[in-house]
Amino acid sequence: MSATDITGTGGPPSPGATPPGRGRPDLAGRRALRRRRARSVAGTILSLALTLLGLLLVTFIIGRVMPIDPVLKVVGDRATQAQYDAAYIAMGLDQPLVVQFLTYIGDVLQGDFGRSISTGQPVSADIARVFPATLELATLGTLIGVVIGVPLGVIAAARRGGIIDQVARVVALVGYSMPIFWLGLMGLLIFYGMLGWVGGPGRQGILYDGMVPNVTGMVLVDSLIAGDWPAFQDAFSHIILPASLLGYYSLAYISRMTRSFMLEQLSQEYITTARVKGLSERAVIWRHALGNIAIPLVTVIALSFGSLLEGSVLTEIIFSWPGLGSYITRGLLSGDMNAVLGGTVVVGACFVVLNLLSDILYRFLDPRST
Amino acid sequence: MTFHLTSRAVLLASALAFAPAAFAETPADTLVVAHTIDDIISLDPAQSFEFSGNDVNNNTYDRLVDFDPLDPEAGFQPSLAVSWEVSEDGLSITFTLREDVTFHSGNPVRAEDAAWSLQRAVKLDKTPAFILTQFGFTADNVDQMITSEGNTLTLTMDKPYAPSFVLNCLTANIASVVDMETVMANEADGDLGNGWLNTNEAGSGAYVLAAWRPNEQVQLTAYEDYWQGAPTMKRVIVRNVAESSAQRLLLEQGDIDVARNLTPTDVESIASVEGVTIQDEPRGRILYMGLNQKDELLSNPAVVEAMKHLVDYEGITNSFLKGQFVTHQSFLPRGYLGALDETPWTYDIEKARQILTDAGIEGGTITTRVRDLREYIDVAQTLQAAMGQVGLTLEIEQMTGAQVLDAYRAREVPIFLGEWGPDYSDPNTNAATFAYNPDNSDEAAAVGLLAWRNAYEVPAEMNEATVAATLEQDTDTRAAMYQDIQRQYQAEAPIVPLFQRIEQVGMGDGVQNWWSGGAISSVMYRQVTKGE
Amino acid sequence: MTAAPTSPDSPQTRPRTRRDWLLSDAPQTRRQARLGAIYQGWLTFRANKLAMLGLVILVLLIGMAILAPWIAPQSPYAQNLADRLQPPSAAHWLGTDALGRDILSRLIHGSRITLFIVGTVALIAPIIGLFIGTVAGFAGGWVDQVLMRITDIFLAFPKLILALAFVAALGPSIGNAVLALALTAWPPYARLARAETLTIRNADFIAAARLQGAGRLRLLIGHIWPLCVSSLIVRVALDMAGIILSAAGLGFLGLGAQPPLPEWGAMISDGRAYILDFWWVAAMPGLAIFTVSMAFNLLGDGLRDVLDPKGDKS
């Protein structure tokens with residue numbers, strides 16, 4: 001193959017871009033992967049940086065063509081023209097676009113994302129506050145997806161065509177077909193409104209809000225660190241429903257992928273050999289086959305995690321979850337482009353880093369890749 | 001459903017293990033309020049101009065004059081000022097300040113602080129500054145016009161304004177008295193402490209700002225040395241809860257004491273829940289229909305007249321706006337000096353059709369933009385249906401508030417449906433925007449005036465009447481003047497007031513003396529108690 | 001679909017039934033071979049009961065959309081404030097919404113919007129992707145680098161947020177929602193098309209065509225595109241459900257179809273305020289979305305089995 005592959009973030013299809021769980025990573029992705037392993041890590045990082053820069057540029061342009069006036073948001077409806085002009089200049093909007101963009105990039109490189117006009121606070125402070133909320137939700141969601149999805153996929157493959165396989169299939173199918181915001185609404189209605197089993201919208205009950213010292217920004221972790229059991233229970237009761245929802249989507253994807261990886265392994269010769277050697281079926285499946293798919297599986301899980309990080313916008317809105325998704329959306333709808341830019345960089349960086357990690361995993365851990 | 005199969009076990013387990021902790025009563029000395037507070041962008045009284053920001057400042061700062069939350073009808077009352085005197089020529093007012101009041105920092109509240117606070121607001125010239133500068137203050141002259149001596153403060157104005165006008169303006173948030181020494185200690189780059197005050201507080205009010213997390217919550221704690229006595233509620237937590245249904249559930253579960261954004265349907269069902277009461281309070285906001293005179297069709301007086309009969313006032317206030325709005329067809333809200341209760345228009349398709357036929361109007365299409373709030377969209381859709389019956393087609397584009405506002409200020413919204421909230425507690429606040437537009441040209445760019453935004457060329461005599469009413473020294477005469485203006489307005493203006501906002505507050509049974517601020521002010525917590 | 005040797009179609013060799021003709025091992029015309037292959041695919045597809053279910057639902061949906069004005073019991077826009085928020089009953093099978101409109105009638109008319117959005121996005125996105133991907137793969141060099149870098153940037157964007165941003169910038173309407181969804185959906189197609197191109201561009205028949213003097217453009221359009229299409233179709237079929245869900249998500253956020261259009265996502269958003277007491281207002285459109293996207297998923301799985309037998313048969 002002559003063409004230089006610069007797909008960078010390539011490899012297995014990104015779940016953000018593909019409906020998750022569509023068969024195995026496409027063949028093209030694998031080919032790309034194999035080629036990419038030859039490339040140096042430095043080159044990868046450079047191309048990732050380029051991607052991020054492009055991401056910023058696109059966001060920046062969108063922000064400038066947006067028919068929302070950020071100045072108005074700052075000064076309010078009743079401002080006089082003089083007040084408006086003063087704010088316009090203070091925000092640097094009188095500069096040429098190129099200058100504005102370069103200034104912005106310069107500031108970002110120094111860690112300054114500017115000030116959000118809808119919260120009046122530095123964007124970095126806002127992100128430090130909202131990102132852990134999203135991280136916590138996505139982590140628990142992925143955890144649920146893995147704990148249920150992997151065994152489900154393994155069993156489905158081991159007993160192909162059996163009841164578990166059928167169930168797994170339907171679970172995945174329903175997962176791909178259900179509007180998540182609708183499922184969230186119905187979940188809130190049933191489990192909170194009617195049954196009262198879980199905490200309502202938001203991360204914490206109001207009385208626990210701000211009571212636990214902020215260490216990681218993740219309430220579950222912080223309350224454990226503080227040893228505050230009631231606060232932990234409270235936070236758990238709030239996160240469990242949205243996390244289960246996200247977990248459901250993640251499990252639909254993970255179980256399908258696990259199943260197809262397993263089927264591939266189970267048809268290999270070494271499995272037959274192991275069986276002939278008299279190894280128990282359990283050992284064959286859970287130790288040998290599963291052990292061999294560990295690396296692609298980790299990649300799948302990482303990608304699924306990434307997609308939850310960026311794909312939880314609607315869930316956050318339904319559950320009033322003060323996370324990154326709702327922060328960006330809110331910024332977008334009020335012309336708060338500093339917030340949108342900052343948020344997008346973080347999401348984009350997560351995506352890129354997760355891809356990089358799975359890449360490195362392949363490169364260094366996959367025995368076949370040497 | 002399979003979803004239940006897979007995660008029911010998890011949910012069940014969590015519910016059993018965690019249910020007891022999740023639902024607790026609020027403590028007796030803590031008031032927990034659910035409200036949408038995502039509009040706060042600044043807590044500096046010289047800058048804050050959003051409802052929720054003012055809600056906070058109203059409790060953390062005092063003003064020279066204030067409303068009594070237990071008797072708001074009585075109008076402005078002495079607060080930090082014990083008394084005041086208007087000079088013979090009506091050009092200046094001298095206030096005498098209360099002694100022995102301290103800021104949260106422990107510094108005494110002096111006339112000097114009060115004068116500096118007003119000067120600071122004028123000099124910073126943020127959006128709400130016009131409330132003060134309309135009396136002739138400028139950054140250059142304000143040090144001479146507002147002066148302090150001992151425990152007195154003197155305001156000198158450019159015209160003999162009605163004292164009720166001036167004092168009403170001094171109840172506004174921008175007239176809050178801030179602690180000069182604390183603020184100046186936090187000044188940066190000559191910003192008069194604006195940057196610091198955006199997220200901090202330096203007042204003498206009944207509550208101290210304990211925490212503000214944007215879009216999440218505001219926490220206040222009682223100021224024990226408050227000059228009117230420490231408030232009963234030692235802690236007030238205002239949590240941002242955007243959804244009415246969520247507020248309702250929280251209230252039903254006893255997780256909150258007060259829910260401030262309940263929809264009519266939620267109010268209806270929660271009213272029957274034991275332990276919950278609903279309190280109705282008329283607010284100052286007017287939901288109106290602006291008919292842009294730049295639109296060829298709408299500039300026809302017959303169409304304007306017909307449109308007034310195409311709004312299903314009764315149907316709307318009895319269905320999706322039930323309890324949230326009452327029909328109100330004049331621009332001064334109930335609760336204001338000179339408010340007018342007359343409702344000349346009724347929903348009458350036949351009459352509208354007749355008016356249009358008589359004027360020879362066959363039909364037409366109008367495309368307008370409506371803010372994506374349920375209430376506005378629903379009103380727009382009923383209007384759309386009614387207009388359809390008389391041959392007028394209305395196309396609706398939903399947009400965010402910011403987008404609609406941009407277009408509105410550019411005079412590009414043919415039919416505006418939305419609310420106007422008064423800026424201060426004097427009738428001039430609405431008269432000066434609905435019924436005043438000295439120059440209707442595009443170049444005038446009077447973006448702040450609703451009349452200009454709708455390209456409504458206000459007749460000269462109405463412009464003059466509006467100005468004259470601000471100078472009338474006798475309060476009763478003043479009220480009558482505003483009523484006359486409103487009647488004339490109803491007869492001809494293409495800006496049609498439709499409804500007045502009612503705030504339906506859902507409260508736990510024990511909550512007493514709640515006041516959201518009525519038509520004229522913002523919420524006050526210090527008088528609230530929670531009995532059992 | 002290899003070309004079959006052409007021979008005169010003599011009556012003696014013509015099989016008795018049309019079925020036999022289609023399934024003939026020795027097709028005698030190119031057309032027979034092609035139709036035969038399609039028929040074989042159809043047989044495989046028909047054997048998949050779930051895929052057939054999906055197909056039936058979609059056929060019904062299309063029928064419903066075409067006949068909407070005749071089968072809807074009421075106008076989707078007729079308001080009746082006195083009759084609002086009525087539960088499902090004989091008069092209103094699925095109840096009424098906050099403005100007293102018949103939900104069933106709105107769902108029926110809404111199927112047109114859903115089909116329009118899905119259909120248009122499923123047409124535009126793969127075409128953009130096909131174009132960019134094949135050009136990148138075929139041209140190689142810096143063209144490839146630039147195009148793939150752009151693809152990566154769009155991939156790194158949170159998809160829904162990108163769509164949101166586009167709609168916010170362009171103004172909310174169905175047309176812009178379609179555009180936004182298409183603009184966010186193309187990168188995977190570009191990746192796929194590029195990968196396909198890389199595998200075939202050095203193939204013998206391309207070299208042969210090149211030797212015969214075919215220009216680059218002609219190679220691209222005449223030889224490469226047709227070979228990429230089948231894998232793209234499978235991919236599109238599988239993506240349809242995702243498009244429906246994204247479109248509904250935009251509608252739910254108020255950025256899709258504008259009132260009073262009965263777009264299903266917007267209808268859920270309408271019902272959200274009433275969810276606690278009047279669950280049907282939000283539940284019914286949700287079920288409609290679920291049913292249709294499920295049908296697309298089933299159909300997609302079936303199609304993949306037919307068109308891409310190498311793929312995962314689950």
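This is a predicted model: local features need pLDDT of at least 70, side-chain atom pairs count only at pLDDT 80 or more; totals for chains, interfaces and linings use all residues.
Reader: Which residues of α15(B) are called buried?
Author: Helix α15 of chain B covers residues 401-409. Its buried residues are Q403(B), V404(B), D406(B), A407(B), Y408(B) and R409(B). Buried means under 20% relative accessible area, so each of these residues falls below that cut-off.

Reader: Why is E263(C) called buried?
Author: E263(C) has a relative accessible area of 5%. The cut-off for buried is under 20%. The value of 5% is under that limit, so E263(C) is buried.

Reader: Where does E263(C) sit, and what is it in contact with beyond its neighbours within four places in sequence?
Author: E263(C) lies in the loop between α9 (216-252) and α10 (264-272) of chain C. Beyond those neighbours, its contacts are I113(C), A247(C), A248(C), G251(C) and A257(C). A contact needs heavy atoms within 4.5 Å, so each of these residues meets that limit with E263(C). I57(C) is 206 residues from E263(C) in sequence, and their C-alpha atoms are 19 Å apart.

Reader: What domains does chain C have, and how many residues of each take part in the contact?
Author: The domain assignment gives domain 1 (1-47) and domain 2 (50-76 + 102-313) of chain C. The contact takes five residues from domain 1 of chain C and seven residues from domain 2 of chain C. The C-alpha centres of these two domains of chain C lie 33 Å apart.

Reader: Now chain B. How many helices and strands does it have, and why is it called as compact as a globular protein of its length?
Author: Chain B has 19 helices and 19 strands. Its radius of gyration is 25 Å. The globule rule gives 24 Å for 532 residues. The two values are close, so chain B is as compact as a globular protein of that length.

Reader: What share of chain B is buried, and what share of its contacts joins residues 24 or more positions apart?
Author: Buried residues make up 61% of the 532 residues in chain B. Among contacts with a separation of 6 or more, 70% join residues 24 or more positions apart.

Methods:
Residues are numbered from 1 along each chain as its sequence is written. Chains are lettered from A and ligands numbered from 1 in the order in which they are written. Side-chain values use heavy atoms; hydrogens and water are left out. Helices (H or I, at least four residues) and strands (E, at least two) are DSSP runs, numbered from the N terminus. The radius of gyration is taken over C-alpha atoms; the globule rule is 2.2 Å times the number of residues to the power 0.38. Buried means under 20% relative accessible area, exposed over 50%, partly exposed in between (1.4 Å probe, protein chains only). Domain bounds come from an automatic or database domain assignment.
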